[in-house]
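Open the model in your viewer and keep the selection tool at hand. Each stop below says what to select and what is found there.

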Amino acid sequence: MAELNLPLLDLGPQTDALWEELTSAVQEVIRGGRFIMGPNVKAFEQEMAAYLGVKHAIGLNSGTDALVIALRAAGVGPDDEVITTPFSFFATAEAISSLGARPVFVDIAPRSFCLEPEQVAVAVTERTRALLPVHLFGQAADMDPLVDLARERGLRVVEDAAQALGSEYRGRKVGALGTAGCFSFFPTKPLGGFGDGGLIATDDDEVAEQARMLRVHGAKKKYFNEAIGYNSRLDELQAAVLRVKLPHLDEWNEGRRVAAARYGAMLTEVAGVVPPREEVDGRHVYHQYTIRVLDNRRDGAKAKLAETGIGTMIYYPVPIHRLPAYAGQYGSLPVAEAAAGEVLSLPLWSEITEESQARVVEALAWALD
Ligand SMILES: *Cc1c(COP(=O)(O)O)cnc(C)c1O
């Protein structure tokens with residue numbers, strides 16, 4: 001096998017295409033001299049609210065803080081239970097625990113890697129305060145049963161949409177389906193800044209007011225702090241960068257969808273792998289293109305692909321309930337545990353060529369031969 005030198009993700013093409021606009025936006029902020037909560041943050045919040053079709057968008061300094069602040073603004077506190085997925089980035093559960101609440105992990109659906117609604121329904125107790133579904137890899141979790149359950153049981157729904165900006169569920173944008181939606185602008189996310197950033201979307205006036213207060217040290221009025229809050233503002237420089245990129249988001253998401261469809265067709269030729277597919281009536285934006293490699297061959301295949309210069313990643317090698325931070329606290333969740341042993345994310349970005357993809361698939365077939 002010849003060397004390929006193909007990374008998991010290449011953001012070079014999008015940065016190059018917008019180079020002039022990005023650098024002049026940054027220069028304007030520097031010249032303007034307003035670095036904190038300036039005009040770009042305000043405008044970006046309005047643009048994101050319009051894009052998502054929500055009343056309020058609150059810029060924050062990370063997706064993790066968006067989760068913490070949204071949960072807290074929605075009323076989650078010490079000793080509450082929040083039902084969530086064990087198959088996500090650690091921050092999903094960490095946000096719950098950081099408030100003194102307890103993550104209650106329920107198992108996932110094997111093909112979507114998202115929460116299984118029937119499992120959620122049986123996990124609700126007197127202490128349950130909220131549901132925290134994750135739209136993993138860019139695919140919407142099955143939200144209607146969760147929103148219905150929440151309505152019946154008087155629960156809040158906070159969506160972790162960190163990987164899914166622009167993704168849809170039954171014609172509506174994810175992150176706008178529950179009480180509040182949380183987004184991340186970490187550089188590799190569908191809309192990535194040049195550093196950290198995050199945002200909460202909500203239609204709930206009360207949640208929005210609380211979140212705005214919590215992001216600036218618990219003060220609605222400066223120096224009249226009424227709660228122990230955070231310093232969690234979206235940076236003005238990041239907002240300026242994100243404003244340049246937001247108009248291109250749909251086209252980038254579409255590019256990844258097209259590339260994902262090409263992989264899907266090519267992978268029918270490879271035995272022993274299960275490609276991802278759209279599991280709900282929605283619009284999967286393929287933040288990751290994650291296959292399953294069967295028969296305990298994943299780690300071997302990953303190593304062989306690395307030998308040929310193809311970058312792949314395992315999202316996630318250990319489900320959250322099995323991580324050392326939660327050691328000994330939870331029982332087995334077999335579907336999530338099996339997924340952790342089989343998943344492999346392949347190179348994907350909106351400009352990846354058909355030829356590069358064909359070589360990835362060829363190398364994968366060779367690695368599994
Ligand atoms: C990236 C991510 C987060 C955290 O976002 P940061 O901006 O890195 O803090 C939370 N949840 C999921 C599912 C993520 O992918």
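The lining of the second largest cavity takes at least three residues from each of domain 1 (13-247) and domain 2 (249-368). The domain bounds come from an automatic or database domain assignment. This is a predicted model, in which local features need pLDDT of at least 70 and side-chain atom pairs count only at pLDDT 80 or more, while totals for chains, interfaces and linings use all residues. Residues are numbered from 1 along each chain as its sequence is written, and side-chain values use heavy atoms, with hydrogens and water left out.

**Stop 1: the second largest cavity.** Select Pro110, Arg111, Phe113, Val274, Pro275, Pro276, Thr290, Ile291 and Arg292, which line this cavity. On a 1 Å grid over the protein atoms alone, a cavity is a set of points where a 1.4 Å probe fits but cannot get out, and a pocket is an open set with protein on both sides within 12 Å along at least five of seven lines; lining residues have an atom within 4 Å of a point. The space here is about 30 Å³, a volume being the space filled by probe spheres set on the points, with grid points joined across faces, edges and corners. Strand E12 (residues 289-293) gives the largest share of the lining, three residues. Helices (H or I, at least four residues) and strands (E, at least two) are DSSP runs, numbered from the N terminus.

The lining has six nonpolar, one polar and two charged residues. Here Ala, Val, Leu, Ile, Met, Phe, Trp, Tyr, Cys and Pro count as nonpolar, Asp, Glu, Lys and Arg as charged, and the others, Gly among them, as polar.

**Stop 2: the largest cavity.** Now select the lining of the largest cavity, including Ser112, Leu136, Phe137, Gln139, His284 and Gln288. The largest cavity holds about 50 Å³, and its lining has four nonpolar, five polar and two charged residues. Domain 1 and domain 2 each supply at least three of the lining residues. The count of cavities of 30 Å³ or more is two.

**Stop 3: the domain interface.** Colour domain 1 and domain 2 separately; their C-alpha centres lie 24 Å apart. Contact (heavy atoms within 4.5 Å) joins 45 residues of domain 1 to 41 residues of domain 2. The two domains bury about 3600 Å² between them, 62% of it on carbon and sulfur atoms. Select Phe87, Arg111 and Phe137: they supply 21% of the area that domain 1 buries against domain 2, more than any other three residues. Buried area is the accessible area (1.4 Å probe) that two parts lose on being put together, summed over both.

**Stop 4: the largest pocket.** Which residues lie nearest the centre of the largest pocket? Select Gln163, Phe186, Thr188, Lys189 and His287, which are among its 39 lining residues. The largest pocket holds about 640 Å³. Its lining divides into 19 nonpolar, 13 polar and seven charged residues. Both domains give residues to the lining, so this pocket lies between them. Helix H4 (63-73) and helix H5 (91-98) each supply at least two lining residues, and the largest share, three residues, comes from H4.

**Stop 5: the second largest pocket.** Move to the second largest pocket, with about 230 Å³ of space. The lining has four nonpolar, two polar and five charged residues.
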